[in-house]
Amino acid sequence: MDELIQQLDQLTTDILDRLHEAPYEELESFVEERQKLVDSIGDEVALCQPTPAQKQAISRIMEHDSAILARMKALRFEAQDWLQKRNQAKAQRSAYESGYTPDSILMDRKK
């Protein structure tokens with residue numbers, strides 16, 4: 001279990017070093033890799049109790065979750081803002097596009 005905790009610590013440290021420059025793809029792969037490690041640690045905990053040192057190491061790693069989560073939320077809001085602007089531009093553009101056939105003829109009735 002010590003090796004898994006060490007891998008998780010290294011993975012967390014690596015992402016924290018470049019957290020503000022990391023694109024969403026890198027954060028996505030971080031989350032996937034982290035989940036694999038957490039699942040493996042969970043399996044190990046089911047077999048034997050973690051030592052106080054292991055519990056402390058896990059707690060230290062979890063202290064960084066708020067910073068990582070904040071960055072992920074910032075990226076989500078950035079993407080959400082981009083999508084809203086895109087949809088707004090699309091709506092404005094469609095208002096100016098012609099909704100008729102150029103070769104059509106309009107016929108009025110005389111009253």
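Modeller: Contact here means heavy atoms within 4.5 Å, and the structure under discussion is a predicted model.

Colleague: Which residues does Asp-9 touch, not counting residues up to four places away in sequence?

Modeller: Asp-9 lies in helix α1, which covers residues 2–17. Once residues up to four places away in sequence are left out, the residues that Asp-9 touches are Arg-60 and Ile-61.

Colleague: Is Asp-9 buried or exposed?

Modeller: Buried means under 20% relative accessible area, whereas exposed means over 50%. Because the relative accessible area of Asp-9 is 18%, this residue of the predicted model counts as buried.

Colleague: Which residues make the nonpolar surface patch of about 220 Å², and how is Met-72 classed by its relative accessibility?

Modeller: The patch of about 220 Å² is made by Val-31, Leu-69 and Met-72, and the place of Met-72 is in helix α4, residues 65–96. Since Met-72 has a relative accessibility of 31%, Met-72 counts as partly exposed.

Colleague: What share of the contacts in the chain with a separation of 6 or more comes from residues 24 or more positions apart?

Modeller: The elements of the chain run α-α-α-α from the N terminus on, with four helices and zero strands in the secondary structure. Among contacts with a separation of 6 or more, the share from residues 24 or more positions apart is 81%.

Colleague: How much of the accessible surface of the chain belongs to carbon and sulfur atoms?

Modeller: Of the 111 residues of the chain, 20% count as buried. The accessible surface of the chain comes to about 9200 Å², and the part belonging to carbon and sulfur atoms is 53%.

Note on methods
Residues are numbered from 1 along each chain as its sequence is written. This is a predicted model: local features need pLDDT of at least 70, side-chain atom pairs count only at pLDDT 80 or more; totals for chains, interfaces and linings use all residues. Side-chain values use heavy atoms; hydrogens and water are left out. Helices (H or I, at least four residues) and strands (E, at least two) are DSSP runs, numbered from the N terminus. Buried means under 20% relative accessible area, exposed over 50%, partly exposed in between (1.4 Å probe, protein chains only). Accessible areas come from the Shrake-Rupley method with a 1.4 Å probe; for residues, only the protein chains shown count as cover. Patches are made of residues with over 30% relative accessible area and no salt bridge: like charges are joined within 9 Å, nonpolar side chains (Val, Leu, Ile, Met, Phe, Trp, Tyr) within 5 Å. A salt bridge is a side-chain nitrogen of Lys or Arg within 4 Å of a carboxyl oxygen of Asp or Glu.
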